Each structure stands twice: as C-alpha cells, then as structure tokens.
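Colleague: Please take one part of this model at a time and give me a close, connected account of how its pieces pack together.

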Amino acid sequence: MASQPDNVSRRAFLRGSVTLIPAVGLAGGVSLTAQANEPAPNLSEYQPVFFSEDEWSFLLAACDRLIPGESAGQGPGALDTNVPVFLDRQMDAPYGHADRWYMEGPFVTDGSPDLGFQYPYTPREVYQKGIAMTQQYCKQQYGKRFEQLDGNTQDSVLQGLEANDIDFAALNGIHKLQAADFFSQLLQNTKEGYLADPIHGGNKHMAAWKMIGFPGARASYRDWVGQHDVEYPLGPVSLTGERG
Amino acid sequence: MAKQQPRVDAVIVGLGWTGSIMGMELTDAGLNVLALERGADRTNADFAYPKAADEIQYGVRHTMMQKPKQSAVTIRRNLDERALPQRKLGAFLPGDGVGGAGAHWTGVLIRPTPTDLQLKSFADQAFEPGVLQEDMQIQDFGVTWDELEPHFTFFEKVCGQSGTTGNLRGEIQEGGDPFEGPRSEPYPLPALQDTQSTDMFDKAARQLGYHPFPNPSANVSRAWTNPYGMQLGPCNYCGFCSRYGCVNYSKASPQTCILNALKQRSNFAYRTHANVTRVELAPDGKTATGVTYIDENGDEVFQPADMVVLASYALNNVRLMLNSGIGQMYDPVSRTGTVGRNYAYQIGGGIHLYFDDIEFNPFATAGATGRMFNDFSPGNFDSAPYGFIGGAKMHASQASGTPIKTPLPNHTPSWGQGYKDALKKYYGHHMEISMAGSVMSYRTNMLDLDPTWKDPYGLPLLRMTFDWKENELKLSRFMRDRLREIAKVLKPDHMDESFQLSGDHFKVTNYVSTHNVGGAVMGTDPSNSALNRYLQSWDVHNVFVPGGNAFPQNFQANPTDLIAALTYWSAKKIKETYLKKPGPLMSRA
C-alpha cells in the first residue's frame, strides 16, 4: 500500500537529497538559453513567432479541448500550462523544420501506413495546412470559425479529425494531408508541451509534473531507490533550477 | 580531384564501441590508427547534469540518434512491395557521433548462450526435418563459447558489468542465471538495487518455477576502475538512461570506458564529420587501398590505409560494403551472393500492468534495472511441439519514468478531461512484463541498395526487406501465454497486451528495438557468409567488419556483449596472425 515515509526517515531523506538542484541555463541543442531564465510569460500577452493570429486562435481553442483547464475538473490544462507557447517555439526549433528527417522525393503517399510518414510537409506545414482546412470545414459545416463554436461542437470537430471522417481532400484537392495525421501531430505536440521541461515553453511552473508526481530533472535517487511502494515526497525541479 | 591525406596503417570507420575497441587493440600492436566518425564529437561534458535530463530533447526528438536526412533506410515487407524511405526514426534508433549507440544505449550487457552460437547444429539435432520453415537460413556463428569466453570476460571488466553470477566454471550459483554458459570469472560487480517492480516480477516468476536473476547491467552498481584505468562512479538511478547520455559517469560507453585512454596514445587520431562513402579497392579488387570520405566542408578526401575496419552501425557497414563492391550482393531468388543476406532483428511484446494502490516510482531507476529469466532460450525448453525454434528473454525492466512516454491503459481517453484524469491516476502505478525474442534469418529478410532514393551525396540508400515470419509469430504467441500466467499471479487492477501475432506485419512507425543484426554475417563457408570467422571479408582480405552485422541470426536478448567479444576475438587474430602475414585468414576452399 502507498504510504508516506515516517517523519524521521523523511527528514533524513530530505537532508540527503536536496544537494543536487540544477542551476544552469540549457547550453547547446536548443535556442532557448536567453529565454530559459526569464519568468514564464502570460499566455494572453504572448506574441507568437511562427503562428499567424488566426492560427493562434485555433490553437488556443483546440488545446483547451484536448487538455481542459481547472474549470472542467482537477488538474491544470493546456492553457494554464502555456502549451501553445511550447507549440510556437517548437516550430522554430529543428523539429518544426523537419531538420533531421529525410525529405527527398519522390513522395509516395499511397503506400501502406505501416511504412510510416511519407508527406512532403514539415511539421510547420502540417499545422498551416491542417488548421486552414479545419477552419474551412467549420465555415462550411457551421458557418463559424472553430474557436467560435461551443465546446461540444469543437469536440465533435476534433473527433472528426481524429477518426479521419473529415475529408481534407474533398475540401481542397491540392493537399495530400489526411485529417487524422494533422490531428495526431497536434495531439502529440500538445501532450509534449504539457509534460516537457518548462525550458521549452510549456508545463508552466511544472504544474503537470506536480499533478502526476514526476520529480522532473532531479535525476538522483540513489538514496530512494531502495524504498519500495512509498510515495516520493519531494516536488519537481526544472532544468533551470525552478522548484515546485 | 579528391584531396589526399597521409597514409595510415589502419583506418577505422565509425567511433562507437567496435571502433573504440579496435582502436585500443590495433594501437597496442603498434599500428598508426585513424578513426573517421561521420557525426559530431561527443565527450562526457556534453552529458553533464542537468543537460541530459530533458525528455523532449533526447527521449522524443532523438538528439543523439542518426538523422534520416543523412542516411535513411528504405523499408518493404516483401520482395513485391515498393520500399519507402523511413523519413523519421521509428522502429529503431541507431546512434550518431562519437560513441555511437554506445553513448545512448540502456546498458543491458548480457551474453548469448553457448547454444545460440551454434544454433544450426542445435536445430539439426533437436528438430525433425520439416518442422521448421523451409525458407529459414540459420547458421552457426563459426566461433565457439570457449573461444569467445575470455573476450566476454574482458569486455565485462571494461564495462564494470554488474549482476549476479549463475554459472562459475560449471558450478551453478544461487541467485544467478542457471542457464548461462560457464563463466571463467564472476561478474565484476554486484547487481544493481532492486525496485518494487523487480521484486514483484521476481516473486511471481519463482512461484511459477522459473529462475529469475538481475538484468546484467553496464550501469555500474559500485565505483569501478577498468583495465584501461578508466573510472566509473556508482549509478545514481537518475531515470534518464536509454536514449540519453549518462549524467553521472556510471553507464559504460566508449566515452566512459575507452576513449579518454585511447585519445592519449600518440599512434591514435580521429576526425569527426568525416563521412566515409566508400572503401577504395586495388585494381584486382582483392585488397583495399583506403577509404574516401566527405569532410565537414563537403570536400571529398582520400585516406590511404593498409587496413580498413568497418566499425559503423550494422546497417551502414552493409551499405558501405555494397556501395564499395566488397563481396557479391545477395540475390534472394537465386540465393547467390552474401552481402545483404540474413538480415535479422528482434521481436518484442509485453503486458502493461496497472495497480491502483502500488507506488512504483518509475523515475528512480537505472537503465538496466530489472529482472529476467532465461528458461525459454533454445535448449532450455522444448519448442518443437509448438513448431518454432528460438527463445525469449522474459523480463520486467524499469527503464525510465519520463512522463511523455508513460503508457496509459488502452481504455482511457486519449484527450479531454478523461486523459488528464487517467494521467493523474495511472502515472507511477504501472509496470511492464515483457519478452525480447530471437528472430531467425530467412531467404527474403535481407538488405540491398534502393533503386530510387539517394543520400545527400547521391549514393543509393540501403533497402531493408523484412517482415515477421510464422516462426517468430508462433514464438510470440507462446511467450504471451507464459507472460499471461505471470500477470495472473501479479493480479493487476488493469492490464493491456501488445504482441505480434499471426497475420501481423512489421510496422516502422513504433519503436521495436535497435538490435538490427546480420547482413554481412560471419561463418566458415564463403557461399553463405560475407565474413570469415575472424570477421575478415572473404573477398578483400584487409577489410574487417566487426558489428552486429556479423550475426547469422539474432538470439533472444541484447547484442552488445557479443558484438564486443567478437571484436576482441577478431583483433586477437589480426594481432597474432594477420599483421605478420597479411592475407586471407581462412581458405575459401
């Protein structure tokens, strides 16, 4: 059964554990060093670098349905934790540009899906095309933009994307992108932003880690690994040394 | 016109485990050795705390892995399907840069069994004709347990292998693997500490009559100084291991175990961002004259050398042989040629177990933390009635607790409030019981060159033809049934299964394993092996190709111990025989 360690062992453990707290900016790999030590921005004041104003409105609304906030129930939501900021920053990171991927033609998109991603589109382009076509669908179906729909209707649009029931090809024959693949990228990136280290823009104040009990970048459990079936008592720390 | 560098005695292509080992051994023999690494340099400073503790950067975006942009593989499941490029990494994650996959591996360091090395001989004796698939092409390695044992022992000291001895010179030891081949020496270090999940698996497996033992680990349990004078610190169970560089100088890697010693030798040098595109051959095609590479400025450079060691990842070693015309390309129809023949892999599967009231603290773990048992490896059980050959390592491993990769029960919503509720409820309340199964070699599981797609230098990509065969799907079903019995003992509140079963085909989209083996296999018959039993090309005698490519089929469990032992075995023969009289070490007759 889960239980708290008794006070004596807990205090002894705390004494032994708090020595390793990270306190450096992240050098190398990400272009976030300058932002790393700045306080997390307020989402309402954040100016997206990559996404247009219209795309941003869609993302805010969609993220709020994918991981809803406190008002819907326990635990922080995607907007409480700045997930859209993460998405925007990822678009300027190597990932957004598919910098590591093999993007040479020919592009064969009628092969088995088991052979994996075959689009000529970077994640940036998947967002641009996917958001534009979803908005086109919402206009056509409901006469409104996605963010103007009520929550339940937004959910049914997202379900339509997820199940690939919304036919992007019928909306715009030029693009090969399937709705389900756009949704899958959006959902995956949203979860990443929710659960990644705050240095990447989301998971503001490590709220998602606090909710689930992940201690973040502590990365030192030699004095804890032997304590079985006991809840870990310390809150998370981040790569920049923020403590939760 | 290509630039030309001064001649060296030996050039090593790739500076991961095998390249580092060959560097040590050949400089020991007094040779001037140059290693060419196509990726970036990497030292322990690159992994300094807290940099590595970043799941999105390393666990998800694959920052330490090869970029498909530089060298994708095209994949098809059978000879009739059109192969398509693997545009982003999925099923397997080869390493990039100095250290190769050895810098980001999990660190499970386990030997094959003596039977695994002579699987064809075992099959001929244990299976009636007609029981096994007719298109199976399994072979003996051509090297025996007794020949390799000293090299396992040495490499395990290089790594500070931590675990519990099971068979010391023929005497079975309590708590270890009673099925392991006889060791000449015990494990260098005691096993890692156990966790909640390893304890539970251990008890359940024992209750069912199995013989569990701690996962043999190259994350060291104690401070260790290895035979090269390199020092490792005790693992602090940081929870960022597989896919990450080690923050604590505790995971055996080329960096922590070999390179700082090797770099001090005046007869060793290495260049990074040096992408070898082909081995150059003398006009008669019987010897190599050196290698051509593209340097970081994009210039073509010829590096003359008396000897060439292909020490890159198994898949790239095969591609270099094919692009250089070393040996004959395998043809699956006529069954002629040997380069590209017998590509094999590993089959995985497991059951996710969720317990509402147990705290697993999945983040407090070493990469190799876990328990396994070997009761289902070839020769330890009778698989003939089930119609398959091979075996599986059955295990409960706690590799990491990073949250983006944490599994949730299949029935929980993938988004919305239900997703958040599931994340909160199930994070930290999950363990997995798994199997890692052997994969045999078959006529149409193979590697060759893709006719369509090219790399940035205009060279054809490697084409992989691979699918699960009935033998492995039967094995998977058998092991699933055994794991179900263990799950029944453990009584989780909820569980989900994931196995490859009859009718399933290989998918490149989800991670399976980075145990890609074969394609340039070792052996004693030049008609079915690209390399002789000393890992020397049958066709070009001054080319040696140590790596997983040498496995004629894959065994159940992790390949690094065998890859390293084969490399030391090859180096020994080079030093003792080849350097005195360069030429074929085995006659083709």
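Modeller: Two residues are in contact if their C-beta atoms, placed from the backbone, lie within 7 Å. The model is predicted, so local features need pLDDT of at least 70 and side-chain atom pairs count only at pLDDT 80 or more, while totals for chains, interfaces and linings use all residues. Residues are numbered from 1 along each chain as its sequence is written, and chains are lettered from A and ligands numbered from 1 in the order in which they are written.

Let us begin with chain A. Among its contacts between residues at least 6 apart in sequence, 59% join residues at least 24 apart. Chain A holds nine helices and zero strands (DSSP runs, H or I of at least four residues for helices and E of at least two for strands, numbered from the N terminus). Its pattern along the sequence is α-α-α-α-α-α-α-α-α. Of the 244 residues in chain A, 41% are buried (20 or more other C-beta atoms within 10 Å of the residue's own).

Chain A also meets chain B, in a contact that takes 56 residues from chain A and 59 residues from chain B. On the chain A side, helix 3 (53-66), helix 8 (179-195) and helix 9 (207-212) are the elements that give two or more residues. Helix 8 of chain A gives the most, with four residues. By class, this side has 34 nonpolar, twelve polar and ten charged residues (nonpolar: Ala, Val, Leu, Ile, Met, Phe, Trp, Tyr, Cys and Pro; charged: Asp, Glu, Lys and Arg; polar: the others, Gly among them).

We now turn to chain B. Helix 7 (residues 145-159) and helix 13 (residues 560-578) of chain B have axes that come within 8 Å and cross at roughly 115° (lines fitted to C-alpha atoms over the stretch in contact, with angles from 0 to 180 degrees between N-to-C directions). Helix 7 of chain B is therefore roughly perpendicular to helix 13 of chain B (under 35 degrees is roughly parallel, over 145 roughly antiparallel, 65 to 115 roughly perpendicular and the rest oblique). Residues making this contact include Phe152(B) and Phe155(B) of helix 7 and Tyr568(B) and Trp569(B) of helix 13. The contact has eight nonpolar, one polar and two charged residues. Helix 13 of chain B is mostly covered, with 14 of its 19 residues buried.

Helix 8 (residues 196-207) and helix 12 (residues 470-490) of chain B pack at about 115°, with axes 9 Å apart. Among the residues that meet there are Met200(B) in helix 8 and Ile486(B) in helix 12.

Terms used: Buried ≥ 20, exposed ≤ 12 C-beta atoms within 10 Å, placed from the backbone.
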